[in-house]
Every structure is written in C-alpha cells, then in structure tokens.
Amino acid sequence: MKFALFLGNAGKNSGGMEVYEMELVRGLMKIDQRNDYHVYCMFPGGPAKIGPAPPNFTYHVLQPQSQVMSIAMTLPLALRWLRPDAVHSTFVPPLFVPPRMAYTLPCSAVFEHPQMYPFAIRMRLLALCGLGVQKAGAVVCVSQHVREYLMENKGVPADRLPVTPLGVNRGFRPQSSAEIDAVVKNKYGIHSPYYLYSGRWEARKNVVRLVEAFGQFKREDRTGMKLVMTGERNWLGEVVDAKIREHGLEQDVIDVGKSPLGDLPPLYAGATALVFPSLWESFGLPLVEAMKCGTPVISSNLSCIPEVAGDAAVLVNPYETEEIAAAMHRVSVDAPLRSRMQAAGLKRAERYDWNITAAKTLEVYERLASRS
C-alpha cells in the first residue's frame, strides 16, 4: 500500500509537535518495510532532521515555502497525482481534505480555551483544527482525554477516534554526575539547586502563575533554589519578564532559551523537580521526558495530566499559586518523597514508547486504506 504524511513542523525547531512528527516517521521506518511512504515536509530542514530514508520512504519538500500555498494548492495537487491509500496530516490538514485521511489534533485547548491564543493564531487554528476534526476519516488522539473531549463536545463518533499516546526519545534517561555537570554547570553556569520549567512561554502553559508561585516559595526558601526555564518565549515573553521584575526574581529565574534536544536530559536530571502547572494539555511531553530521566514532577490536576502522570507526580490546582508554591516547598524538603517519585516516574515512563506510537498509527492507516 501507499501512504502519504504531511508534516507541518519537522525542520521548524518548534517543540513537541516537531518531536512527534520526527519520532513517528522514524518509528514507521523501523517497523514497516512493506508499504511505500511519501513524506511531504513543509520546511526544507525536515528530511535532514528526521534522518536517512530507507528504500520504501521518499521525502518531498513542498514548494513554495508558504504554508498557505502548500495546504491550499501544492499538497492537494501532489496527493491527487500520488493517489495514496491513506493520508496522515499531523498538524494542519490540506484545505481540500482527501479521502481516507487521518488527522492528529495537536491540542484540544484551541477549542476549550481559545482566549489563550492571540487573535490571529486563534482564528487560524480554530478553522484548520475544526476542518481536520470534521472531515478526517480518523482523528488520531494522543490521549484518552482528547478522545473523550471530542466525543462529548464535538460529537465525533468513537469509531473515528483512535488513541495513540506519544513516546519518549531514547536520549531521555537518568544521567551521570559528569553528564549533568557538563551541561548544567559548564555550559549554562548553573551551580545552585533548581526547579525546571520546560515548554513555551504562553498563557496555556500557566507561566505567569508559575513565576508568582516561585516568588511565594522564595520568600520562605533558604536553599538558594533557582527556577530554570527552557523553551521558546513565544508571545508571552514580555509579560513573564515583567512578572519576574515585579517579584524581584531577576537573580533567581534563569532563562536558558530553547535548549538543543541533547541538553534537555541533563537539565531534567539535574533538577530537583520539573514544575509544569499547565492549564490544558492534550498529552504533555515534558512530563514523560522528566519521568524518563528520573526527575520528580509537579504538575496540574487538569486535562490529560492525571492520565499521563498517574501516581508519579504531585498534582495541584494550577489556578492556585499557593498550591504550586506549597508543592515546591514540600518536594524541596522531603527527600523520601523525591525518591518515591523518581522510582514511580521511571516505572510510569516505560509505557510511553515511540515504536508503540508508530505501530498504533500504522493500524490507523491500514484501517483507512481498507475502506472503499
């Protein structure tokens, strides 16, 4: 059979969705040598970042380099010429949705909390994500939470909603002291204990309340604890900077920028805990990345997070800064708790594997291809 994938992030250096696209294709390359794959990349750097293609995989870079032109014209024409047995759009669908298309909804927050996005981005995502959910033969859900949300709020029937949880890159693992020091101390100059935040600086991630909670925690903390932030600043950067100044945290919040993927495992492993009080996630990849490194997790009790983290995290109401601050204090002083969380997190993370993600996604393609 012949399958086509449209990758809207690979090569963009855009975080979680790019990781998903790259690891999905790599997983399919490992498990499927029978079917033919045509991988259409929006960005020229996509093929190189994914890696060398086996004989049954062919890369295509869409021209011109315009997402509007690609999803409106270039991709539909390419698919019409290719006539694939199934299509998978992993971020945004082509405007002319082909038959037997799978669509991965990147996050249900755009429907539940549209106010968290700037107006132009909100309107674009509502239109494109809505098109994918409405027209796709299968809407690939990265968690049971997304599946239930679409059933209850969008009326999508259960048989169109396969669940394929995400995985964790093999580079995420417990690190030696030398590996941690090479990145944390020698590269970034961090010599104090620290909490880590990993993710974009945007309203959905609750970064402003995170800084407020850290400010409350610091008023009682005597350990010299820092808050290290890694991730793209995005549209909320100036607001977060102002909040840092308001709480007098200029010397205690360390922004290391969007770290290279290879730096993340040592940054996780060196942290006292990951603090990730997001208001809404469809999966929450930093949770399992941290757990895979043996790092305790403080996160929220909303959306998919209890499903993904299970009993391996301290969960709080993310709207209550006092709860976030109290969790920071508890984890910082309770060494037995940290040890229990490390063990539980390592065990929990075993269930998240990109090869499993690829195998479940291939089942979706084959079901779609079997339809007349």
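Are Tyr197 and Phe276 buried or exposed? Tyr197 and Phe276 are both buried (under 20% relative accessible area with a 1.4 Å probe, protein chains only; exposed is over 50%, partly exposed in between).

The model is predicted: local features need pLDDT of at least 70, side-chain atom pairs count only at pLDDT 80 or more, and totals for chains, interfaces and linings use all residues. Residues are numbered from 1 along each chain as its sequence is written, and side-chain values use heavy atoms, leaving out hydrogens and water.

**View 1. Phe3 and Tyr365 form a tilted aromatic pair.** The whole structure holds 11 aromatic pairs (ring centres within 6.5 Å, using the six-membered ring of Trp; planes under 30 degrees apart are stacked, over 60 edge-to-face, the rest tilted). Here the centres are 5.3 Å apart, with 55° between the planes. Phe3 sits in strand E1 (residues 2–7) and Tyr365 in helix H15 (residues 354–369), 362 residues apart. Helices (H or I, at least four residues) and strands (E, at least two) are DSSP runs, numbered from the N terminus. Phe3 and Tyr365 are both buried.

**View 2. Tyr197 and Phe276 are stacked.** Their centres lie 6.2 Å apart and their planes meet at 20°. Tyr197 is in strand E7 (residues 194–198) and Phe276 in strand E10 (residues 273–276), so the pair ties together parts 79 residues apart in sequence.

**View 3. Lys154 lies over the face of Phe111.** The distance to the ring centre is 4.3 Å. The criterion is NZ of Lys or CZ of Arg within 6 Å of the ring centre and within 35 degrees of the ring normal.
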